[in-house]
Amino acid sequence: MAERIATSLSRALRLRCPRCGETPLFRGWFAMAESCALCGLRFERAQGYFVGAIYVNYAVTAVLTLGLFFLLWGLTALSTAAELALVLPLVIVFPLWFFRYSRSLWLALEWLINREP
Ligand SMILES: [Zn+2]
């Protein structure tokens, strides 16, 4: 089981198909392939399938930015306005950068739990 989790996580972080690990999930920054060109796994299994990826993206962004905020609060003497000025750009940019990884991680989690095509 631990090996399956490591393999699935590795493929997700490399943005590869969770089943075969060979083909890329994305054709552009936001454009996801419909299915794997090699093994045929359909990436979007149902309409609204990637709503869960939004939760993943939101959770990671919230943990990261709140952690940074409290780290700055504890280690520096910055005002709250200055801390927000440092953290807010991250809140905007990080979810856009993490978009592909959130979908990939969601797909990998689903693949790990439910291997139905
Ligand atoms: Zn594949």
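**The salt bridge and its surroundings**

Searching the whole structure turns up one salt bridge, meaning a side-chain nitrogen of Lys or Arg within 4 Å of a carboxyl oxygen of Asp or Glu. Please keep in mind that this is a predicted model, where local features need pLDDT of at least 70, side-chain atom pairs count only at pLDDT 80 or more, and totals for chains, interfaces and linings use all residues. Residues are numbered from 1 along each chain as its sequence is written, and side-chain values use heavy atoms, with hydrogens and water left out.

The partners are Glu-110 and Arg-45, whose side chains meet at 3.1 Å, N to O. Glu-110 sits in helix H3 (residues 80–113), while Arg-45 belongs to the loop between helix H1 (2–13) and helix H2 (51–75), so the pair links distant parts of the chain, 65 residues apart. Helices here are DSSP runs (H or I, at least four residues), numbered from the N terminus. Arg-45 counts as buried because its relative accessibility is 19%; buried means under 20% relative accessible area, exposed over 50%, and partly exposed in between, using a 1.4 Å probe and protein chains only.

The loop between H1 and H2 also holds Cys-17 and Cys-36. Together with Cys-20 and Cys-39, they coordinate the zinc ion through their SG atoms at 2.2 to 2.3 Å. Donors are N, O and S atoms within 2.8 Å of the metal (3.2 Å for Na, K and Ca); water is not among the atoms, so sites may look incomplete. The four donor atoms subtend angles of 103 to 122°, so the arrangement is tetrahedral, a label given to four donors if all angles lie between 85 and 135 degrees. Along the sequence, the donor residues follow the spacing C-x2-C-x15-C-x2-C. Cys-17 and Cys-36 therefore tie together parts that are 19 residues apart in sequence. Cys-17 is buried at 0% relative accessibility, and Cys-36 is buried at 3%.

Now back to the helices. Thr-65 lies in helix H2 and is buried, with 10% relative accessibility. Setting aside neighbours within four places in sequence, Thr-65 is in contact with Val-87, Leu-90 and Val-91, where contact means heavy atoms within 4.5 Å. Leu-84 has its place in helix H3 and is partly exposed, at 39% relative accessible area.

Key
Helices (H or I, at least four residues) and strands (E, at least two) are DSSP runs, numbered from the N terminus. Four donors count as tetrahedral if all angles lie between 85 and 135 degrees; four count as square planar and six as octahedral if opposite donors are over 155 degrees apart and all others between 65 and 115; anything else is irregular.
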